[in-house]
Amino acid sequence: MKFFLDTANIAEIEEAASWGAVSGVTTNPTLYAREGGKLADFHAHIVRICEIVDGPVSAETVSLKRDEIVAEGVELAALHEHVVVKVPTMPEGLAATRELFERGIKVNMTLCFTVPQALLSARAGAAYISPFIGRFDDISEDGLEHLGNTVAAINNYDFGHDVEIIAASVRHPGHVVGAALLGADIATVPFKILQQCIKHPLTDRGLESFLADWEKVKNS
Ligand code: E4P
């Protein structure tokens, strides 16, 4: 499973990229707004992220009509070769995805909550599909169970093009473990969760004692 970073924060992206284990970034309008992002700076911000990360960077469309989504997507895709156009899962979004697919532009279908939505997204030509886990947990449903169903259903078929499942709306490292065991291709995680994923108290304690023992060796 690959790790993407789910943020629009440049400092977090720089730090995570420096660890050498992050394969891409996903953004959305909320994440950009959280950074105090202005409309006029949006494209430059996406380009900046693309320059930091050597991999797919999802930039989301906000139009609701097929032709407008396509126009937005074409504009976003022209910004940088890393850009993947993020399109909400809805009828106009499917139609736009098909059109973008035919133009050779990669789409990440977002806000995916059901198996039929995922299957339709794949049929429309989505390169990435993002089932949301945490938002299901928020309403007392099992987000990982939904993710597992989606992974299994998508893996049953050959869509004639690559389709990768991105486990999204990740709230804690347990979701990362679950996504990996269920065979998700990618987990997109907030920076805080990426930090939680690499830290472990036993690692800290082990390192402390290795270093203390090495001091004894040096002084022997
Ligand atoms: C995915 O690409 C989305 O950005 C994301 O994971 C949103 O999840 P959340 O708003 O529920 O945290």
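Strands (E, at least two residues) and helices (H or I, at least four) are DSSP runs, numbered from the N terminus.

Before going on, please note that this is a predicted model, in which local features need pLDDT of at least 70, side-chain atom pairs count only at pLDDT 80 or more, and totals for chains, interfaces and linings use all residues. Residues are numbered from 1 along each chain as its sequence is written, and side-chain values use heavy atoms, with hydrogens and water left out.

What stands beside β3? Strand β2 (residues 22-26) runs parallel to β3 and is joined to it by 2 bridges; two strands pair if DSSP finds at least two bridges between them. In this pairing Thr-26 stands opposite Ser-58. Strand β4 (residues 83-88) also runs parallel to β3, with 4 bridges between them, and there Lys-86 is the residue opposite Glu-60. Together with helix α4 (residues 66-77), β3 and β4 make a right-handed β-α-β unit. Right-handed means that, with the strands pointing away from the viewer, the path from the first strand over the helix to the second runs clockwise.

Now turn to the aromatic rings, which form 6 pairs in the structure. Rings of Phe, Tyr and Trp (its six-membered ring) pair if their centres lie within 6.5 Å; planes under 30 degrees apart count as stacked, over 60 as edge-to-face and the rest as tilted. Phe-113 and Phe-132 are a tilted pair, because their planes meet at 50 degrees, with the ring centres 5.5 Å apart. This pair links distant parts of the chain, 19 residues apart: Phe-113 lies in the loop between β5 (107-112) and α6 (115-124), and Phe-132 in the loop between β6 (128-131) and α7 (134-138). Phe-113 is partly exposed, at 24% relative accessible area, whereas Phe-132 is buried at 9%. Phe-113 also pairs edge-to-face with Phe-136, at 5.4 Å centre to centre and 85 degrees between the planes. Phe-136 sits in helix α7, 23 residues from Phe-113, and is buried at 8% relative accessibility. Phe-113, Phe-132 and Phe-136 form one aromatic cluster.

The search finds 1 cavity of 30 Å³ or more, and the largest cavity has a volume of about 30 Å³. Its lining includes Phe-113, Phe-132 and Phe-136, while helix α8 (residues 143-155) gives the largest share, 4 residues. On a 1 Å grid over the protein atoms alone, a cavity is a set of points where a 1.4 Å probe fits but cannot get out; a pocket is an open set with protein on both sides within 12 Å along at least five of seven lines, and lining residues have an atom within 4 Å of a point. Grid points are joined across faces, edges and corners, and a volume is the space filled by probe spheres set on the points.

Finally, the largest pocket has a volume of about 440 Å³. Among its 24 lining residues, Asp-6, Asn-28, Leu-31, Arg-34 and Pro-190 lie nearest its centre.

Technical notes. Buried < 20%, exposed > 50% of the residue type's maximum accessible area, 1.4 Å probe, protein only.
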